[in-house]
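Have the model open while you read.

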Amino acid sequence: TQDVTITVSDGEESAEVTFYLSVENVDPTISSVTNTGPIDEGGAATVTVTATDPAGANAPLSYSFDCDNDGSDEVGPQAGNSTSCAFGDSGDFLVTVSVTDGDGGSAASSATVTVDNVDPKLTLDTTGSISMDGGDIFLGRQDVAQSHSATATDPGSDDLTFYWSFAPDATTASNVYLNDGLFDPDPDPSPTFNPRNETDTQSVTFSAPGIYTVAVTVTDDDGGIPVANGSFETGTL
């Protein structure tokens, strides 16, 4: 609000009138919210807001970003109109942005970031194996327990399940490693950012001599499986 005075003169006489002029603020306008998705789980997407305001430089804009759409801004207020939002699980995630001008006006909008699942990677520990023309083998003994280990990594915050087999022996096993380390399967999407690195060990005792195949696979809770399962033979003497 400001005083405005208007003066009128005919060259000999003049008159003036003063009144109050109230100028209302206009909220900024968001024209777009874009992001660099789709991205892989465990990665980050750049979210960019395009907004305008009639006041221009007289009322500079500030930007805030709620990356997980929980009602609390993880980034901002800041002068820059873009930020990086990281995601620990696969799915479609709503990012909410708000823009505020220097006079208290604001606007809000959102964009969906698509995050793709990544298959876990699996490595069978071949320590103690022997390389031969047909591949690597482990040597064991009948009725003597032997152990095998495998390590799985996953950039996502996923539960991991190892599956073991020793064909043609009937022995199989599966072991689950929960993301939260407690007793409950991870919700979808995971509320945490926790890349996985788990090592599983399985023991087997063969009751008869022969050639057995040690095979292990791992899956994450989003259905991802490794490209190779790490299959090796063990010769039992």
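## Around β6

As for the names, helices (H or I, at least four residues) and strands (E, at least two) are DSSP runs, numbered from the N terminus.

β6 also pairs with strand β9 (residues 91-100), again in the antiparallel sense, this time over 5 bridges. For burial, the cut-offs are under 20% relative accessible area for buried, over 50% for exposed, and partly exposed in between (1.4 Å probe, protein chains only).

A word on the ground rules: this is a predicted model, where local features need pLDDT of at least 70, side-chain atom pairs count only at pLDDT 80 or more, and totals for chains, interfaces and linings use all residues. Residues are numbered from 1 along each chain as its sequence is written, and side-chain values use heavy atoms, with hydrogens and water left out.

Zoom out from β6 and you get an open sheet of 5 strands, ordered β4-β10-β9-β6-β7, with mixed pairing. At its edges stand β4 (39-40) and β7, each with a single partner strand, so one side of each has no neighbour in the sheet. As a reminder, strands of a sheet pair through backbone hydrogen bonds, either parallel or antiparallel.

There's also an open sheet of 3 strands, in the order β11-β14-β17, and here the pairing is antiparallel. Its edges are β11 (121-124) and β17 (196-204); each has a single partner strand, so one side of each is left without a neighbour in the sheet. Neighbouring strands of this sheet are turned by 20° against each other on average, direction ignored; the axes are lines fitted to C-alpha atoms, for helices over the stretch in contact, and angles run from 0 to 180 degrees between N-to-C directions. β11 is joined to strand β14 (residues 146-154) by 4 bridges, and threonine 123 stands opposite threonine 151 in β14.

## The disulfide

How many disulfides does a search of the whole structure find? It turns up 1 (a disulfide being a pair of cysteine sulfur atoms within 2.5 Å). Cysteine 67 is joined to cysteine 85, with S to S at 2.0 Å. Cysteine 67 lies in the loop between β6 (62-66) and β7 (75-78) and cysteine 85 in strand β8 (residues 82-86), so the pair ties together parts that are 18 residues apart in sequence.

The torsion about the S-S bond is about -60°, so this disulfide is left-handed. Both cysteine 67 and cysteine 85 are buried.

## The salt bridge

A whole-structure search also finds 1 salt bridge, meaning a side-chain nitrogen of Lys or Arg within 4 Å of a carboxyl oxygen of Asp or Glu. The partners are arginine 196 and glutamate 198, whose closest N and O atoms are 2.6 Å apart. Arginine 196 is buried, with a relative accessible area of 6%.

Key: Pairing = 2+ DSSP bridges.
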